[in-house]
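Here's a quick briefing to keep open next to the structure.

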Amino acid sequence: MEFPYEKDNKERIPFEHYLSEYQKIDPKEAAERCGVEYDEEKQQFHVRLMGYPYLVDYPEFAVHKANEEEEGVFLLLDTVAAKISVLRFLISGQLVKSSGKYLTYREVPWGEVYFRQFEGRCLTRLKFAFGFKLDKFCAAMEQLGAKKLTLGDASYEFEYINGLHVRFILWTGDDEFPPASQILFEDNFPYAYQAEDLAVVGDISITTLKILAGK
């Protein structure tokens with residue numbers, strides 16, 4: 001497999017590491033553990049990321065659209081961070097049934113330790129990307145097929161990856177107060193990802209929305 005990521009060793013080297021780990025997994029065990037479909041004949045996982053369906057080859061980790069004609073924001077095709085996120089899920093993640101509760105980042109294990117990084121990378125980025133553009137935020141969420149909520153001034157719930165849901169909440173800004181945001185994770189996330197992974201979850205989600213909003 002070729003790596004067109006030489007410009008950024010911070011992503012390329014971890015990607016190569018996780019690819020090596022991915023090639024060691026038992027794909028049937030991983031499919032059962034993660035709650036994803038695995039086609040033994042074609043040696044492909046069926047994965048959804050941000051609502052878009054993909055076919056992921058094993059052991060090469062070549063990624064394809066499940067429907068080549070579908071249009072959208074398919075970050076998993078060429079974004080290294082998205083590839084690493086899916087690799088980590090398939091390598092060591094586990095899908096468990098949610099109780100229906102949602103957690104702030106501080107409430108996930110080790111979330112307090114990494115909160116400042118998460119705040120800057122995700123909460124601040126989200127509020128300044130859409131805090132004065134709720135119409136664009138809502139339009140992008142509707143394109144994703146997200147579930148509209150009644151929290152804050154605008155809020156939606158969406159599936160990040162198979163069976164794992166996130167909530168984005170925004171409070172609009174005005175002349176006196178800046179906008180505010182909150183990101184909540186379904187309480188089965190800690191079984192699938194570690195706290196430091198959730199900044200990537202937020203980053204990929206916000207990037208997807210910004211691309212949709214710009215179209």
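The backbone oxygen of L151 sits 2.8 Å from a polar atom in the side chain of S155. Keep in mind that this is a predicted model. S155 belongs to strand β7, which covers residues 154-161.

**Around S155**
- S155 is tucked away: its relative accessible area is 1%, so it counts as buried, the cut-off being under 20%.
- Setting aside neighbours within four places in sequence, S155 is in contact with F137, K147, K148, L149, T150, F168 and I169.

**The core and helix α7**
- The largest nonpolar core has 72 residues, and Y22, F45, F137, Y160, F168 and Y193 touch the most other members.
- Helix α7 gives the most to this core, with 10 residues.
- Most of α7 is covered, with 14 of its 20 residues buried.
- The length of α7 (residues 195-214) checks out too: at 1.5 Å a residue it should span 28 Å, and its end C-alpha atoms are 29 Å apart, which agrees.

**Cysteines**
- C34, for its part, is buried, with a relative accessible area of 0%.

**Salt bridges**
- Searching the whole structure turns up nine salt bridges.
- One of them pairs E159 with R48, with the closest N and O atoms 2.8 Å apart.
- E159 is in strand β7 and R48 is in strand β2 (residues 44-49), so this pair ties together parts that are 111 residues apart in sequence.
- D197 forms a salt bridge with R88, and here the closest N and O atoms are 2.6 Å apart.
- That pair links distant parts of the chain, 109 residues apart, with D197 in helix α7 and R88 in helix α3 (residues 80-92).
- Both D197 and R88 are buried.
- R167 and E157 also meet through their side chains in a salt bridge, at 2.9 Å from N to O.
- R167 lies in strand β8 (residues 164-171) and E157 in strand β7, 10 residues apart.
- R167 and E157 are both buried.

Methods
Residues numbered from 1 in each chain as written. Predicted model: local features only at pLDDT ≥ 70, side-chain atom pairs only at ≥ 80, totals over all residues. Heavy atoms only, no water. Helix = DSSP H or I, 4+ residues; strand = E, 2+ residues; numbered from the N terminus. Expected span 1.5 Å × (residues − 1). Buried < 20%, exposed > 50% of the residue type's maximum accessible area, 1.4 Å probe, protein only. Polar contact = N/O pair within 3.5 Å; in protein donor to acceptor, adjacent residues only side chain to side chain. Contact = heavy atoms within 4.5 Å. Core = buried A, V, L, I, M, F, W, Y, C linked by side-chain atoms within 4.5 Å. Salt bridge = Lys/Arg side-chain N within 4 Å of Asp/Glu carboxyl O.
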